[in-house]
Amino acid sequence: MKAIVAKDLTKIYRVRGRRIIAVNKLNLKILEGEIFGLLGPNGAGKTTTINLLLGLTSPTSGEAYVFGFDIVRDSVKIRELAGLVPEKAGFYGSLTAYQNLKYFAELSGMPSSELDERIEWALKFVDLSGWRDVPVKAFSRGMVQRLALARVLVRRPRIIFLDEPTAGLDPKASRKYRLLIKKLNRDYGVTIVISSHMLHEVRRICHRIGFMKKGKIISTGRVEELLKKLKLRILIEVDQLSSEILNEIKSLNGVLGIDKVRGNKVYLTASRDLRLEISKILIQRGVLIKTLKIVHPTLDELFMQLNR
Amino acid sequence: MDYFSSFRYITIVMFLAALISLSTYSSISRVRSEATSFLDLITRATPSIITLITYIGSILGVSLGFDSINRERKEGTLLAVLSCPVYRDSVIVGKFISGAISIMVSILLANLLASGLIIAFTGISLSLDEAYRFLAFILLSFTYVLGYYAISMLFSVLIDEVSVSLLASVIFWMINAYIVPSISWTIAEMMSLENIEYRRVIRASILMFSVNEHYRAVSICLLNPRAAYRLMPITIWSIPIKPLSLMETLMTTWPSIVTLVAITIICTVMAYIAFTSREIF
């Protein structure tokens, strides 16, 4: 089953007379049970997309469905099935962790007979059982983020949206958080949508990722599939590099450009594997070849390339 | 989230209760032998309960409302609440109802304290007409303070910064409590009219723009059956012969009562519309 289907979803804000297109005819499909990463630079429209899918803001045009429920007509129903862990998780600082979770659980209409059990389970899941009766204002940022996840888990949602969940967390806290998300997906089958600009984080846990730019999804797929779409980068390192040799290599059919020239090292971008042709040129010129290899692209490079 | 346990609310209510207790007790001590009725004792306190609710009650309304929405938006708890399966309008309605309940409790506490002290120390009991008048006064006081709460909550919805919404609420309060009354004197004096009656009319006309004056005028008439009222301009004078019944008082003071109720309703509706239509993030 598809957890999310969005068709030409658009959101335009009017700010001081200016039209700002935050989401621009977005088309998206996310399967139930997967961890989907929504990647993009700041201002790409990731948070707005999440807000639209949760029914927290109305679309200007287009449609979207979360587990078959319309985001406009059935927004309350969607929020029964979904949870949000925002970038800035807000809690009432003077209340304890337990009191906060109880308040939000009651707000969601949870029966009081189930409250205690679910809260205890959620706190245990995020490893905050020992902080149950401590005011939230004493929590560190990492603990607040975990408590925010617990707040959502109390309701046992089918899908969780995480907006920049590890922003501001140290590496240890980030790792702990990632493990919790993986466990949630693996053991309980919860669909997870993570919005982030931290590529290394997303790569570690997402089954699929989608790149957003200027309100549109420009590419989706598994990480390995996306990396294959990148243009080839070839590293050439020789003992002597002259401008004539460089120009001859540049003129080869398939060379898209020279990325970097550093001393006797050259990185070039190509549409196909040109190592044979390049090696012929270098051998004819009597140049000693130190390195001639394809450099495997990173997700960062994919991101940068798609962002250009 | 919880007004009753907030330091702000407890402080203001305790302050109001303390002042009412002191002024009522001093009234009992000073005028006990002259006072002929319960309402007589209530109105002769210095400062009177009307004055205390006019100033401190309105401060209470402002203090509860000015950050009711924008603080939660800033701290992220508004988003947390709205991401629960709740309708957006239930948030603003819930806030309004909780504020109204808090205000009603404080008004009841203040008035019951004053009446309790009078009955306990003087043995004077209320007649049926006095009881109805006192009840009407309590309801009017509730409406008045609720109006300030509604105005402050409206500022809280429209203005993102808590400090700016507080400033706007305080400015509104000052205009009604001090600036309009001061301007009324100044303008009346500047007219330099020889006729004192004309000066009084000019002043009374300007005072119509003060919410506090509408409340004060109706309160005086409710707590004093011998007070008569006119709206254009707001004028109160004593009737030497037959006191008015409660119905007669209400029939004459209805324009100011409607003004107070209308302000509350209009501001509440505006806050509701603004909150439900505005992007929260």
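Reader: In strand 8 of chain A, which residue is the bridge partner of A:Ile160?

Author: The model is a predicted one. Strand 7 (residues 159–163) of chain A runs parallel to strand 8 of chain A, and five bridges join the two. Within strand 8 of chain A, A:Ile160 has as its bridge partner A:Ile192.

Reader: Which residue in strand 8 of chain A does A:Leu39 stand opposite?

Author: Strand 3 (residues 35–39) of chain A is also parallel to strand 8 of chain A, with five bridges joining them. The residue of strand 8 that A:Leu39 stands opposite is A:Ser196.

Reader: How many residues of strand 8 of chain A are buried?

Author: Buried here requires under 20% relative accessible area. On one side of the strand A:Thr191, A:Val193 and A:Ser195 are buried, and on the other A:Ile192, A:Ile194 and A:Ser196 are buried, so that both faces are covered. For strand 8 (residues 191–196) of chain A, the number buried is six of six.

Reader: Which side chains meet in a salt bridge across the interface of chain B and chain A?

Author: The rule finds one salt bridge across this interface.

Reader: Which helix of chain B gives the most to the side that touches chain A?

Author: In total, 18 residues of chain B are in contact with 21 residues of chain A. Across the interface, eight residue pairs are in polar contact. Helix 4 (70–75) and helix 5 (77–82) of chain B each supply at least two residues of the side touching chain A. The one giving the most, with five residues, is helix 5.

Note on methods. Residues are numbered from 1 along each chain as its sequence is written. Chains are lettered from A and ligands numbered from 1 in the order in which they are written. This is a predicted model: local features need pLDDT of at least 70, side-chain atom pairs count only at pLDDT 80 or more; totals for chains, interfaces and linings use all residues. Side-chain values use heavy atoms; hydrogens and water are left out. Contact means heavy atoms within 4.5 Å. A salt bridge is a side-chain nitrogen of Lys or Arg within 4 Å of a carboxyl oxygen of Asp or Glu. A polar contact is a pair of N or O atoms within 3.5 Å; within protein, one must be able to donate a hydrogen and the other to accept it, and residues adjacent in sequence count only if both atoms are side-chain atoms. Helices (H or I, at least four residues) and strands (E, at least two) are DSSP runs, numbered from the N terminus. Buried means under 20% relative accessible area, exposed over 50%, partly exposed in between (1.4 Å probe, protein chains only). Two strands pair if DSSP finds at least two bridges between them.
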